[in-house]
Amino acid sequence: MKKNEEYIVTCIDETRLGSGIVKIDDQVVFVNDMIKDEVGKIKILKVKKNYAYGKLIERMTTSPYRIEPLCPYKTCGGCQYQFVDYSYQLQMKTKQMSELFHRQVDESIEVLDTLGSQEPYYYRNKAQFPVQVKDNKILMGFYRQHSNDIVPCKECKIQSHMINEIYQWLQKHLSFAQAKQLRHVFIRNSKTEAQVVFIGKSEQKFDGLVKDLVEAFPNITSVVFNYNTRNDNVILGDEYKVLYGRDYIYESCMSHSIQLHFKSFFQVNPKQMETLYQCAIDMANLNGNQKCIDLYSGTGTIALAISDYVKEVTGVEIVQEAVDNANVNKEINHITNCQFVCQDASVFAHEHRNENIDVLFVDPPRKGMTKQGIEDIVTLKPQKIIYVSCSPDSLCRDLNIFKEQGYRCKKIQPVDMFCQTTGLENVALLEYE
């Protein structure tokens, strides 16, 4: 097999990154835009030692699961699966998770069917649009895959209708002088409110724009200018100024009101977030009498969600601002059986290792946990661990480390938090043996 050669092939499977898999002389070739059992003519783009990359140049048969994508913008790279029927997306994700966890962790793990969304489009509550002035034009949209080139678009099919409306308004009303000051526009909305954060060098020319913006959208309760002159890819800077209203909006989660600062992490799919948290609650089999710990608690959404089902819960978070935010949310909701502490998880575990913990909830960042961190937190000796993860690979690694410490994964529930994309959340139940 050589570069630029053409072959007629049959797709035999799909990868977790959204590519089709074909074989030529027993060598694997990855080809985008192919679904299992489809036949097509491909051109070889790059040949590696053990695999190759190809490009589809003619589709000769079409899968019954192929649909016409709603989105006409195929180059931004944000969605990998819009050409795939949603029911088949869920089947693919279930199969991929089952194969992954059975192969890399334990064949006895029960991997449940992926929980899909009732609304697989227009679900995201947050968007970050890069802004550039190039060739006397204002460019605003999303980055082309693997580049810093902006793909201008009228709307995004997975962003909420409110975000799309505000984005379209800004496209029409942003001046050259304003655009030259900006790197990004960050828009977030809740069920009742919206927030716009301009990110860039200076807010001096934005008074009129902000006035017109909030008149056009009365549900905008927060407009902020975030100063960022860094020469890297970090989107938010440290300093900011409130241009209108406040620096937060209110959202709800599991019947609780959440004060959400623009720098705070919050799941991008609020409806599926409640599905995710309910899975965690059900998997823990909470009965109102347990003592629980929520590590990496952030602004407290998981701890608050489980507070209705347990005797007491302690959220542990190392970022003081997040702990302060969590305590505000606790007070807003008049919750008395929940506390939040600002402390490293390992230090907390050592200080509380002699206490009787019933269930430990962990929802770490994408990179997962460290081996030392896992060895530290198992000293809490919980009866069960509920691990919420947005990275199947780091979850696999961590489940194997937990297994070394006597905690075996019994069950995994995939939840499709990021519809139309390869992203996926998993809730894992671990029990001590």
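Two strands count as paired if DSSP finds at least two bridges between them, and strands themselves (E, at least two residues), like helices (H or I, at least four), are DSSP runs numbered from the N terminus. The model looked at here is predicted, so local features need pLDDT of at least 70 and side-chain atom pairs count only at pLDDT 80 or more, while totals for chains, interfaces and linings use all residues. Residues are numbered from 1 along each chain as its sequence is written, and side-chain values use heavy atoms, with hydrogens and water left out.

On that basis, 6 strands form an open sheet with mixed pairing, in the order E1-E5-E6-E4-E3-E2. Strand E1 (6–10) and strand E2 (13–14) sit at the edges with a single partner strand each, so one side of each has no neighbour in the sheet. E2 runs antiparallel to strand E3 (residues 19–24), and 2 bridges join them; Asp13 has Ile21 of E3 as its bridge partner.

Turning to the helices, the axes of H2 (residues 161–173) and H4 (residues 207–216) come within 11 Å and cross at roughly 145°. Those axes are lines fitted to C-alpha atoms over the stretch in contact, with angles running from 0 to 180 degrees between N-to-C directions. Ile166, Trp169, Leu170 and His173 of H2 meet Leu209, Asp212, Leu213 and Ala216 of H4, where contact means heavy atoms within 4.5 Å. The contact residues of H2 with H4 split into 6 nonpolar, 1 polar and 1 charged, with Ala, Val, Leu, Ile, Met, Phe, Trp, Tyr, Cys and Pro taken as nonpolar, Asp, Glu, Lys and Arg as charged, and the others, Gly among them, as polar.
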